[in-house]
Amino acid sequence: MASNQAKSGISLSEESPFSASGEQVPAALSMMVDSMRSMVERAKSDLENVDQRARADLENIDQRARKDVAFLDQRAREDIQKVDQKAREDIAILDKRARDDHDLLRKVRKSRGLTS
(Lines give C-alpha, C1' and ligand atoms only; values in the text may rest on other atoms or scores of the structure.)
Protein backbone atom coordinates (compact mmCIF):
# COMPACT_ATOMS: atom_id res chain seq x y z
CA MET A 1 0.00 0.00 0.00
CA ALA A 2 1.44 3.39 -1.00
CA SER A 3 1.95 6.06 1.63
CA ASN A 4 1.13 9.70 0.80
CA GLN A 5 2.92 11.15 3.81
CA ALA A 6 5.77 13.59 3.19
CA LYS A 7 9.23 12.51 4.20
CA SER A 8 10.69 14.77 6.90
CA GLY A 9 14.25 14.47 5.55
CA ILE A 10 13.46 16.10 2.21
CA SER A 11 13.72 19.87 1.93
CA LEU A 12 12.01 21.98 -0.72
CA SER A 13 15.34 23.03 -2.17
CA GLU A 14 16.28 19.46 -3.12
CA GLU A 15 15.86 18.74 -6.81
CA SER A 16 16.20 15.01 -7.22
CA PRO A 17 14.43 13.30 -10.12
CA PHE A 18 14.56 10.04 -8.16
CA SER A 19 12.41 8.81 -5.31
CA ALA A 20 13.83 7.24 -2.13
CA SER A 21 13.68 3.82 -3.77
CA GLY A 22 15.76 5.04 -6.72
CA GLU A 23 12.90 5.09 -9.23
CA GLN A 24 12.61 8.10 -11.51
CA VAL A 25 9.94 10.60 -10.36
CA PRO A 26 7.38 11.46 -13.03
CA ALA A 27 7.75 14.90 -14.60
CA ALA A 28 4.32 16.03 -13.32
CA LEU A 29 5.34 15.35 -9.71
CA SER A 30 8.60 17.20 -10.23
CA MET A 31 6.71 20.16 -11.71
CA MET A 32 4.29 20.10 -8.78
CA VAL A 33 7.16 20.22 -6.27
CA ASP A 34 8.76 23.11 -8.19
CA SER A 35 5.43 24.94 -8.24
CA MET A 36 4.90 24.40 -4.53
CA ARG A 37 8.44 25.59 -3.81
CA SER A 38 7.89 28.78 -5.80
CA MET A 39 4.54 29.35 -4.06
CA VAL A 40 6.17 28.98 -0.64
CA GLU A 41 8.96 31.37 -1.64
CA ARG A 42 6.43 33.88 -3.01
CA ALA A 43 4.34 33.59 0.16
CA LYS A 44 7.43 34.19 2.27
CA SER A 45 8.31 37.24 0.19
CA ASP A 46 4.73 38.52 0.39
CA LEU A 47 4.74 38.04 4.15
CA GLU A 48 7.96 40.04 4.47
CA ASN A 49 6.45 42.83 2.33
CA VAL A 50 3.28 42.88 4.42
CA ASP A 51 5.38 42.99 7.58
CA GLN A 52 7.40 45.95 6.26
CA ARG A 53 4.22 47.81 5.26
CA ALA A 54 2.64 47.10 8.64
CA ARG A 55 5.71 48.46 10.42
CA ALA A 56 5.65 51.61 8.26
CA ASP A 57 1.91 52.07 8.86
CA LEU A 58 2.41 51.59 12.59
CA GLU A 59 5.18 54.19 12.59
CA ASN A 60 2.93 56.66 10.74
CA ILE A 61 0.07 56.03 13.16
CA ASP A 62 2.43 56.49 16.10
CA GLN A 63 3.73 59.79 14.72
CA ARG A 64 0.18 61.06 14.08
CA ALA A 65 -0.90 60.01 17.56
CA ARG A 66 2.06 61.84 19.11
CA LYS A 67 1.18 65.00 17.14
CA ASP A 68 -2.46 64.69 18.19
CA VAL A 69 -1.52 64.25 21.84
CA ALA A 70 0.80 67.27 21.67
CA PHE A 71 -1.96 69.34 20.04
CA LEU A 72 -4.52 68.23 22.65
CA ASP A 73 -2.05 68.98 25.44
CA GLN A 74 -1.49 72.48 24.07
CA ARG A 75 -5.25 73.08 23.75
CA ALA A 76 -5.84 71.79 27.28
CA ARG A 77 -3.18 74.13 28.66
CA GLU A 78 -4.75 77.09 26.83
CA ASP A 79 -8.20 76.12 28.13
CA ILE A 80 -6.86 75.83 31.68
CA GLN A 81 -5.27 79.28 31.37
CA LYS A 82 -8.58 80.75 30.13
CA VAL A 83 -10.53 79.10 32.96
CA ASP A 84 -7.92 80.27 35.48
CA GLN A 85 -8.06 83.84 34.16
CA LYS A 86 -11.88 83.84 34.26
CA ALA A 87 -11.83 82.45 37.82
CA ARG A 88 -9.39 85.18 38.90
CA GLU A 89 -11.64 87.85 37.36
CA ASP A 90 -14.69 86.36 39.10
CA ILE A 91 -12.84 86.26 42.43
CA ALA A 92 -11.81 89.91 41.98
CA ILE A 93 -15.45 90.88 41.32
CA LEU A 94 -16.66 88.91 44.37
CA ASP A 95 -13.91 90.43 46.51
CA LYS A 96 -14.89 93.95 45.42
CA ARG A 97 -18.58 93.25 46.13
CA ALA A 98 -17.72 91.80 49.53
CA ARG A 99 -15.62 94.88 50.40
CA ASP A 100 -18.39 97.19 49.19
CA ASP A 101 -20.97 95.27 51.25
CA HIS A 102 -18.64 95.37 54.27
CA ASP A 103 -18.18 99.15 53.88
CA LEU A 104 -21.94 99.64 53.50
CA LEU A 105 -22.62 97.51 56.59
CA ARG A 106 -20.05 99.53 58.56
CA LYS A 107 -21.70 102.81 57.46
CA VAL A 108 -25.16 101.51 58.43
CA ARG A 109 -23.92 100.39 61.84
CA LYS A 110 -22.14 103.70 62.35
CA SER A 111 -25.22 105.68 61.37
CA ARG A 112 -27.38 103.67 63.82
CA GLY A 113 -24.81 104.00 66.55
CA LEU A 114 -23.93 100.32 66.62
CA THR A 115 -20.33 99.35 67.20
CA SER A 116 -18.55 96.12 66.70
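This note sets out numbered points on the fold, surface and salt bridges of the structure.

1. The structure is a predicted model, in which local features need pLDDT of at least 70 and side-chain atom pairs count only at pLDDT 80 or more, while totals for chains, interfaces and linings use all residues. Residues are numbered from 1 along each chain as its sequence is written, and side-chain values use heavy atoms, with hydrogens and water left out.

2. The protein chain has 1 helix and 0 strands (DSSP runs of H or I, at least four residues, for helices, and of E, at least two, for strands). Helix α1 covers residues 27-111.

3. Of the 116 residues in the protein chain, 2% are buried (buried is under 20% relative accessible area, exposed over 50%, partly exposed in between, with a 1.4 Å probe and protein chains only).

4. Leu29, Met32, Val33, Met36 and Met39 make a nonpolar surface patch of about 420 Å² (residues with over 30% relative accessible area and no salt bridge, nonpolar side chains being joined within 5 Å and like charges within 9 Å). Methionine 32 lies in helix α1 and counts as partly exposed because its relative accessibility is 44%.

5. The whole structure holds 9 salt bridges (a side-chain nitrogen of Lys or Arg within 4 Å of a carboxyl oxygen of Asp or Glu). One of them joins arginine 55 to aspartate 51, with the closest N and O atoms 3.1 Å apart. Both residues lie in helix α1, 4 residues apart, about one turn of the helix.

6. Aspartate 62 forms a salt bridge with arginine 66, at 2.9 Å between the closest N and O atoms. Aspartate 62 is partly exposed at 31%, whereas arginine 66 is exposed at 58%.

Methods. Accessible areas come from the Shrake-Rupley method with a 1.4 Å probe; for residues, only the protein chains shown count as cover.
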